[in-house]
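Let's take a friendly walk through the charged side chains of a protein model. Please have your viewer ready.

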Amino acid sequence: MNKNVLVISTTLRKGGNSDILAESFIKGAKEAKNNVEKISLIGKKLDYCKGCLSCQKTERCIINDDANEIIEKIKNSDVVVFSTPIYFYEMAGQMKTLLDRTNPLYPSEYKFKDIYLLATAADTDERAIDRAIVGLEGWIECFENTKLKGVVRGVGADIVGSIKKYEEKLREAYEFGKNV
């Protein structure tokens, strides 16, 4: 069965390491005949959640920026993949801002069930990704039909493109994509 897969690249660095992992995931998902769309947060306007909670009644955010379109795409996807660089042992701020803005999904009839995280860090210790996983799991817990299906820990990727020397991480992302 073909799935609708949404890959959200949260890096603001063109050709960034987490984006390279996302491309490997996409390649696998497309080869498996899934419908894949990629959204890059480069150039997107995402304001902070105001905490007004009007979205709990309307299922739409009152802030008029790019988040509303992304939220709608998340809602209608079977699989959502987040790729992020790790800054100070946590997901990138733009990813957290997007997650906060998805509050309109909470009362909605969302389709997504499977979530993947593709993360890269300069640190070589795989534990450098742990806090980002915990943060994403907090978001996932708000959606009872959803689970974290896989994580790629792309550690040791410090300069742009250095993830390419870790072929096993590229292969892992590819295999997750192929097996969604």
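The paragraphs below look at salt bridges and their surroundings.

This is a predicted model, where local features need pLDDT of at least 70 and side-chain atom pairs count only at pLDDT 80 or more, while totals for chains, interfaces and linings use all residues. Residues are numbered from 1 along each chain as its sequence is written, and side-chain values use heavy atoms, with hydrogens and water left out.

Side chains of opposite charge can pair when their charged atoms come close. The structure holds 15 salt bridges (a side-chain nitrogen of Lys or Arg within 4 Å of a carboxyl oxygen of Asp or Glu).

Start with Asp100 and Lys96, whose side chains form a salt bridge at 2.5 Å, N to O. They sit four residues apart in helix 4 (residues 93-101), so about one helical turn separates them; helices here are DSSP runs of H or I, at least four residues, numbered from the N terminus. Asp100 is partly exposed at 36% relative accessible area, and Lys96 is partly exposed at 41% (buried means under 20%, exposed over 50%, partly exposed in between, with a 1.4 Å probe and protein chains only).

Next, find Arg127 and Asp125, which are joined by a salt bridge of 2.6 Å, N to O. Here Arg127 is exposed, with 60% relative accessible area, whereas Asp125 is partly exposed at 28%.

Helix 6 (residues 167-178) contains Glu175 and Arg171, four residues apart, about one turn of the helix. Their salt bridge has its closest N and O atoms 3.2 Å apart. Glu175 is partly exposed at 30%, as is Arg171 at 48%.

Conventions
Helix = DSSP H or I, 4+ residues; strand = E, 2+ residues; numbered from the N terminus.
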